Amino acid sequence: MNNKLKELEKVLGQNRIRVNEPMGAHTTFKIGGPAEFYIDVSTVDYLVKAVHTARSVGLPVFIFGGGSNIIVSDAGLAGLVIKNNCRRFEVMRASGKVKRVDGKPTIDLDKALVFAEAGVIINQLVRFMIDQGLGGLEYQLGLPGTVGGGVYMNSNFPKKGTYVGDGLFKATLLGKDGSIKEVDHAYFKFAYDYSVLQETEEILLSCVFKLNAMDKEELWERGMEALKYRDSTQPKGASAGCTFRNISIVEALRVPTPDRITSAGFLVDQAGLKGKKVGDAMISDVHANFILNLGQAKAQDVVTLVRLMKDEVYKKFGVHLALEVRTVGFNS
């Protein structure tokens with residue numbers, strides 16, 4: 001038996017770790033080679049233990065949640081891959097007034113703090129908040145993935161200019177040195193498709209959202225507006241989500257695009273690439289910022305399409321597209 005596997009199992013337990021686990025089985029793209037070592041975790045304490053153990057034996061660590069927004073290389077991933085299934089969430093604290101409804105005392109909420117572990121499915125959390133009459137994340141209904149991924153990318157609903165990070169109050173992080181710390185909203189330096197976690201490589205363990213009480217029907221209307229918009233504009237099928245970040249308004253003015261459109265998909269479309277295929281990977285003919293896996297696509301097929309999209313858009317518009325999707329396990 002592999003010596004590092006033995007060391008992992010000493011601490012994390014027998015039969016918990018899978019060897020050469022195919023990552024294509026765990027990503028929304030259904031693409032990805034084998035993870036050297038793979039483990040599912042369902043508690044934050046065990047996740048921290050797994051990270052510390054892997055690092056102590058010199059193994060790199062990769063943590064993922066829903067498996068969206070990532071392209072895993074055909075060669076797979078070295079080290080320990082951790083699937084974060086830590087999915088506890090709850091209302092921590094609420095403020096409001098007691099009023100009587102049909103003669104019974106009920107709490108009329110004003111504000112609330114909602115705790116969520118990073119592995120919580122973001123759609124599940126958004127639906128819970130709407131049902132509680134708490135506003136702040138309703139436009140994120142329909143987002144794929146987990147709270148951790150949503151905060152890491154500061155996922156958004158561009159039609160309304162709302163972001164996952166908008167409602168973040170504080171969070172608990174695991175640092176590269178193994179320490180655990182609590183940080184506030186300002187620490188993340190949120191921007192479009194950005195949080196500081198993309199640079200610090202700290203691991204989000206949990207977070208607290210600060211939300212305001214709103215009419216539940218209005219919240220559902222907002223949420224369904226976002227959900228219907230996503231369903232009507234995004235292609236069906238296996239993908240990692242949007243491939244590129246939208247361009248800046250300055251670039252849109254310089255190109256120029258009609259009505260100052262900042263959509264990366266618009267530029268790819270205008271470069272004549274909709275429906276272009278490499279192997280079983282295809283640029284969607286519904287939304288050109290999506291690459292679809294038609295069945296047996298390889299990561300290398302996707303990378304070839306990505307390079308083509310970047311090159312052709314630059315040739316036609318002089319714009320450098322920046323990846324939104326995260327590539328994992330590639331040498332460069």
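1. Buried means under 20% relative accessible area. In this predicted model, Phe157 has a relative accessible area of 1%, so Phe157 is buried. Tyr139, at 10% relative accessibility, counts as buried too.

2. Aromatic pairs come next. The structure holds seven of them. In one, Tyr139 and Phe157 have ring centres 5.6 Å apart and planes at 15°, so this pair is stacked. Tyr139 sits in the loop between strand 8 (134–135) and helix 4 (147–153), and Phe157 belongs to strand 9 (residues 156–157), so the pair ties together parts 18 residues apart in sequence.

3. Phe157 also pairs with Tyr229. Their ring centres are 5.6 Å apart and their planes stand at 75°, so the pair is edge-to-face. Tyr229 is partly exposed, with a relative accessible area of 34%.

4. Another group of rings deserves a look. Tyr38, Phe62 and Phe64 are linked by ring pairs into a cluster.

5. Across the whole structure, a search finds one cavity of 30 Å³ or more. The largest cavity holds about 40 Å³ of space.

6. Which residues line the largest cavity? They are Phe29, Ile71, Ser239, Ala240, Gly241, Cys242, Thr243, Ile291 and Val325. By class, the lining has six nonpolar and three polar residues, and no charged ones.

Methods:
Residues are numbered from 1 along each chain as its sequence is written. This is a predicted model: local features need pLDDT of at least 70, side-chain atom pairs count only at pLDDT 80 or more; totals for chains, interfaces and linings use all residues. Side-chain values use heavy atoms; hydrogens and water are left out. On a 1 Å grid over the protein atoms alone, a cavity is a set of points where a 1.4 Å probe fits but cannot get out, and a pocket is an open set with protein on both sides within 12 Å along at least five of seven lines; lining residues have an atom within 4 Å of a point. Grid points are joined across faces, edges and corners, and a volume is the space filled by probe spheres set on the points. Ala, Val, Leu, Ile, Met, Phe, Trp, Tyr, Cys and Pro count as nonpolar, Asp, Glu, Lys and Arg as charged, and the others, Gly among them, as polar. Rings of Phe, Tyr and Trp (its six-membered ring) pair if their centres lie within 6.5 Å; planes under 30 degrees apart count as stacked, over 60 as edge-to-face and the rest as tilted. Helices (H or I, at least four residues) and strands (E, at least two) are DSSP runs, numbered from the N terminus. Buried means under 20% relative accessible area, exposed over 50%, partly exposed in between (1.4 Å probe, protein chains only).
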